[in-house]
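Keep the structure open while reading.

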Amino acid sequence: MKQITMNLNTDKYIKMALEEDISSEDVSTNAIVKDNTLGEVELICKEDGIIAGLMVFKRTFELLDPSVEVFFFVKDGDQVSNKEKLGILKGPIRTLLSGERTALNFLQRMSGIATYTREVTSLLVGTQTKLLDTRKTTPNMRIFEKYAVKVGGGHNHRYNLSDGILLKDNHIAAAGSVKKAITMARDYAPFVRKIEVEVENLLMLDEALDAKADIIMLDNMSTKDMKEAVKRCKGRALTECSGNITKENINTILDIGVDFVSSGALTHSSPILDLSLKNLSSL
């Protein structure tokens, strides 16, 4: 994530998080720290995992006070270990204390997603299947969570509703049929847009293929039907497997041969990575 691009796209969300936590002042800190005393504090990892979101962590403090300096000993995507010192922060103690929780919330959440994603992608090694995220993200956290998926080795599905065409069950119901939904989407959208459609059985699959869908999502289909679907789609459409896929059950689709597997669990069910700011001292 390039610094300038990150600032343009994420500053408003970081500011919203800071405003949520500091509506007027940090009463606790201002009561204890009476002046602009400088200090330093260490960023400590408390469990093994993959780190992600370091620039967001740093930017949180910079938005509170540009004088804060943050020095990292690791980079996004690195494997980190329990008790490892990941960085040092230097600046006004008031700022270090006031920004602590918000900065850690971002870093812990993003690192947890990257860690879980890395675990799932490791299970796909040796296959041609790529792991995708979904739009099942925390409101106002999507840009951070999808970035964390990439750090963990996964791939991003469409970013939002403006980013791509995905015709799901309710779109098909509104249109009247799979064929009608695809035809209407093709008539409306620019010719450069690919059309993905969700199917739940082989009859819907055949209808989607006849209508020349570009990508077909096999939603909650049996292993037997998915294998047959992949055969029918070969050379005609890309395939995506979807439906409550987690690291505990992804092994059930490893030999099916789908091009993609999407998992909402990457962003909605990843536990955080435990991190902390410790050993605060005055300079």
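**Helices, sheet and cysteines**

Helix α4, residues 93–123, lies across β1, β5 and β12. Its direction runs at about 160° to β12. Bear in mind that this is a predicted model.

Now take the sheet itself. It is open and has 4 strands, in the order β3-β5-β1-β12. The pairing is antiparallel. The edges belong to β3 (69–72) and β12 (275–282). Each of these has a single partner strand, so one of its sides is left without a neighbour in the sheet. On average, neighbouring strands are turned by 20° against each other, direction ignored.

Helix α3, residues 54–64, packs on this sheet too. It touches β1, β3, β5 and β12. Its direction makes about 160° with that of β3.

Look next at one strand pair. Strands of a sheet pair through backbone hydrogen bonds, either parallel or antiparallel. Here, β1 (residues 38–45) and β5 (residues 85–92) pair in the antiparallel sense, over 7 bridges. Within this part of the sheet, G39 stands opposite G91 in β5.

How many disulfides does the model hold? The count comes to 0. Take C233: the closest cysteine sulfur to its own is in C241, 12 Å away. A disulfide needs the two sulfurs within 2.5 Å, so that distance is too far for a bond. Is C233 buried or exposed? Its relative accessibility is 0%, so C233 counts as buried. C45 is buried as well, with a relative accessible area of 1%.

Notes: Residues are numbered from 1 along each chain as its sequence is written. This is a predicted model: local features need pLDDT of at least 70, side-chain atom pairs count only at pLDDT 80 or more; totals for chains, interfaces and linings use all residues. Side-chain values use heavy atoms; hydrogens and water are left out. Two strands pair if DSSP finds at least two bridges between them. Helices (H or I, at least four residues) and strands (E, at least two) are DSSP runs, numbered from the N terminus. Axes are lines fitted to C-alpha atoms, for helices over the stretch in contact, and angles run from 0 to 180 degrees between N-to-C directions. Contact means heavy atoms within 4.5 Å. Buried means under 20% relative accessible area, exposed over 50%, partly exposed in between (1.4 Å probe, protein chains only).
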